[in-house]
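Please study the sequence and the model before reading the solutions.

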Amino acid sequence: MHTEPSTIEYRDAEGTPVRVVRSARRKKTISGAWKQDTMVVSVPAGLTESAERMLVDDMVKKVKRKVDRGTGVDADAQLLARAHAMDAELFARRANPVSVRWVSNQNTRWGSASLASRRIRLSEKLRLMPQWVQDYVLAHELAHLVEPRDGHGPRFKAALDRYPRVHDAKIFLAGVSHGFHAAGRAAAEPALEAEPMGEDEDFDDFGDADDFSDSGKNGIGNQGRLFG
């Protein structure tokens, strides 16, 4: 636990310069703002290291979203540009997605891809996670467009393995999913049902653990659900 005022600087997982200012005068609240191309976050000096990192990461994400809204940045356009860049780097532009967008009503899966319309949707929940985790889910959906006839079979997995952090991302998302399940059990809440498939019947039901399960067609089992 820190007890003395101090300042540290680093770059987060997305390369954002972050300056953390530990203040003895600040007791409970934290604040964040862009200052000269650096994210400056002020925190109480008495925070533990783990609490400080969690609160700082959350504040950085909140300020980024606020800046994006204020500058009129189109988050979906950024996501599509990211998808095209990854498609070029990993799949020689074979996926060719028509649109990629964030959605808030996708509560039982991290991502989905329509093989007919070549549209990809990613859950808003991913926006709170590191960029490399978001990229893994995006690579997963792009791989479906590259190998549309293989489900989660060997050709699909070979394509997805071109993304360098598959193993790390699977572990990260498995931990997140476990946390959701544990929280649901603790609150004694009923399990959430999957939302209707919508207009595209071929939206892939991809979840955090689909490649860990051997049950179901193409290796898709109940473990692939986000909440259960």
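Angles under 35 degrees count as roughly parallel, over 145 as roughly antiparallel, 65 to 115 as roughly perpendicular and the rest as oblique. The model is predicted: local features need pLDDT of at least 70, side-chain atom pairs count only at pLDDT 80 or more, and totals for chains, interfaces and linings use all residues. Residues are numbered from 1 along each chain as its sequence is written, and side-chain values use heavy atoms, with hydrogens and water left out.

**Exercise 1.** Determine how the axes of H2 and H3 are placed relative to each other.

*Solution.* Step 1: the axes of helix H2 (residues 75–91) and helix H3 (residues 131–146) come within 10 Å. Helices here are DSSP runs (H or I, at least four residues), numbered from the N terminus, and axes are lines fitted to C-alpha atoms over the stretch in contact, with angles from 0 to 180 degrees between N-to-C directions.

Step 1: the axes cross at roughly 65°; H2 and H3 are therefore roughly perpendicular to each other.

**Exercise 2.** Identify residues of H2 and H3 that make the contact.

*Solution.* With contact meaning heavy atoms within 4.5 Å, H2 contributes residues including Leu79, Met86 and Phe91, while those from H3 include Leu138, Leu142 and Val146.

**Exercise 3.** Which element gives the most to the lining of the largest pocket?

*Solution.* Step 1: helix H1 (49–70), H2 and H3 are the elements that each give two or more residues to this lining.

Step 1: H1 gives the most, with six residues.
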